[in-house]
Structure formats: C-alpha cells, structure tokens
Amino acid sequence: THPPPFERTKGINGLEKLIVRDRRGRSFEVYLYGGQVTSWKNEKGDELLFMSTKAIFEPPTPIRGGIPLLFPQYSNTGPLPSHGFVRQRFWEIDTNPPPLPSHPYSSAHVDLILKSSDADLKIWPNKFVYRLRVALGHGGDLTLTSRVKNSDVKPFNFTAGLHPYFYVSDISQIQVEGLQNLDYLDQQKNRTRFTDNAKFITFNSQLDRLYLRTPSKLRIVDHNKKKTIVVRKEGYADAVVWNPWDKKVSDLGVEDYKRFVAVEPVAVEKPIILKPGQVWKGVLQVSVVPRT
Ligand SMILES: O=P(O)(O)OC[C@H]1O[C@H](O)[C@H](O)[C@@H](O)[C@@H]1O
C-alpha cells in the first residue's frame, strides 16, 4: 500500500513545513528551511523532540531544536560556520528518490533534497547532492537516512552529523548509556582526550563531549517518565553528548536546558571521503520504549 501523503503548509513566519502522519496518529514535521525535523509525536500526541522557547525561525539563523543536519563540517572543527551550512539552506521535496532497499518498511515518509549552489561552492568548493529521508516505522520509530553524493569531478571529504534535541522531563533525572570505557574529546577543554570509566553519564553541569568510535546503539533513560529513548546509528562512527546547563546560549530560554539532551551521531574523527559519483549513507533511528 502507498504511504499516506504529507501535508504541505506554512509554519512559523510563513516558512514552509511538511506534516507527515501515519494511520495510528503518530506524526512528524519538517521545515524545508534546514531540512529540519522540528516535531515528532507519538500516537498519544506527546512531543518527543525539544524546541527552544526562544527558537528563531528567521533564515539564515539556524533553528534551535528538533533535528538540525550538520554538514559538511561538524561544529567548529574547520573554517566553515559552526556545523556547516545545510541547516541554513532551503531544501526541496525530492520527487524521485533512488530506492532505499534497507528501509522498505516505513508507514509514512518524506524525501528532501539539497544540491550545492554556486554560493555554496564559493565557501566549500565541492559539488554534492544531499538526500534526506525522514520516515516513521511501523513501530512508531523515527528514521533519518542521509545520502550524500559526490557530484563533482574530484574526490572530497567532509565531517557530518545529526543534532537531535531529545525532549526529557528533567535533565538531572536522566542517564545516557552505552559509552563506558570509551575515549572522548572534551569540547570544553580544547578537545583534550580522556577515557570515560563511568557506567553511564548523568548531568549536573555543562557537558560537551565527542565520544570516539562508539557502539551503534545508545540509550537515554528518563527515570521520571519511566521510558528509554533508544538511539541507533549507522555510518556515523562517533557520538556527541551535549547539554549547555548554565552556559549562555542566546536563542535558548534560561530554563530550557532542563528539558533536553543532545545525543548526536557524528562522523568527525575520520572524515568521510567520497570519490566522484560515490554515495555515503548515514542513518539515525530513534525509538521510545518503556524503561527497562
Ligand atoms: O550553537 P550551535 O552551533 O547550534 O551548536 C550547539 C552545540 O552543538 C554541539 O552539540 C557541540 O558539541 C556544542 O559545542 C555546541 O555548542
């Protein structure tokens, strides 16, 4: 059967957004600006992603919340603006996406596309085509599949990631699991390398770590809500865990840090190298299950 169509409408400040619903009442929203998922709701209507109370929906400001796309540079690891530029571009609906054999099971999805513009080539001289599929699975999970094609005549490399702001009931009542005994770069200390011996991460102050070569499955356990957010990733070797706590972030409300944690699939330590015509694929799959 065909997936139900999506609704194309105007969001905040008239920016175009797509609303996708499945037959069980789950939904997500994507802004064409940034190709950014800004909402994901379960069948009860509970919001599972965080959006800043001071989010600015005015291009070229990036939207603070949901799932920003980071490409072709993670954070300030190179000369480009923080996290690259695709989160500040207007994406289009991809009406003819190449098939995605590994995820034929989605109950509702949408495909977006972004091609490097002449202006992009001036700041990053590599022609690319970035395709994004956002899909709801039959179990209510949300999957973002990124496919980046080198449409240039020479090889290039990039770093990339996804920056999901996961909604949590209280940052001091959650733990992030799956990173024990791994090395991380402390982004508050000039990316000095440490080893994490803790069984899980808890939060009581600012934390900004780039974990290297992590397992593909990470968990965010929300004790108040008695639920676990399971984060699965493919193609992204590393993972960032971030909460700013009392660090001033201009487009974040003062209390907002309590309501989210960023657990980000990223490929940073080893940049992705693409030959002309080659395609790289990265997947983030999120599901919410009762706490175990
Ligand atoms: O303010 P942004 O450019 O959106 O970056 C927000 C945050 O993204 C990542 O999580 C980094 O680890 C942080 O160091 C950074 O502060």
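Biologist: In which loop does Pro-72 lie?
Modeller: This is a predicted model. In it, Phe-71 and Pro-72 are joined by a cis peptide bond, with omega about 0°. Pro-72 lies in the loop between strand 5 and strand 6 (92–93).

Biologist: Which peptide bond is cis with omega near 10°?
Modeller: Most peptide bonds are trans. With omega near 10°, the cis bond is the one from Pro-59 to Pro-60.

Biologist: Where is Trp-245, and how many other C-beta atoms lie within 10 Å of it?
Modeller: Trp-245 is placed in the loop between strand 19 and strand 20. Its phi is positive, about 50°, although Trp-245 is not a glycine. Trp-245 is partly exposed, and the number of other C-beta atoms within 10 Å is 14.

Biologist: Which elements give two or more residues to the shell around the ligand?
Modeller: The ligand is surrounded by residues including Val-240, Trp-242, Ala-262 and Glu-264. The elements that give two or more residues to this shell are strand 19 (238–243) and strand 20 (260–274).

Biologist: How many residues of the shell around the ligand are charged?
Modeller: Among the residues that surround the ligand are Pro-62, His-83, His-163, Asp-208 and Glu-264. Asp and Glu count as charged. The shell divides into four nonpolar residues, five polar and, as charged, two.

Biologist: What is the radius of gyration of the protein?
Modeller: The protein has one helix and 21 strands. For 292 residues the globule rule gives 19 Å, and the value for the protein is close to that, so the protein is as compact as a globular protein of that length. Along its principal axes the C-alpha trace spans about 45 × 45 × 35 Å. The radius of gyration is 18 Å.

Biologist: What share of the contacts with a separation of 6 or more comes from residues 24 or more positions apart?
Modeller: Of the 292 residues of the protein, 41% count as buried. Among contacts with a separation of 6 or more, the share from residues 24 or more positions apart is 67%.

Terms used: Residues numbered from 1 in each chain as written. Predicted model: local features only at pLDDT ≥ 70, side-chain atom pairs only at ≥ 80, totals over all residues. Near = placed C-beta within 6 Å. Helix = DSSP H or I, 4+ residues; strand = E, 2+ residues; numbered from the N terminus. Rg over C-alpha atoms; globule rule 2.2 N^0.38 Å. Buried ≥ 20, exposed ≤ 12 C-beta atoms within 10 Å, placed from the backbone. Contact = placed C-beta atoms within 7 Å.
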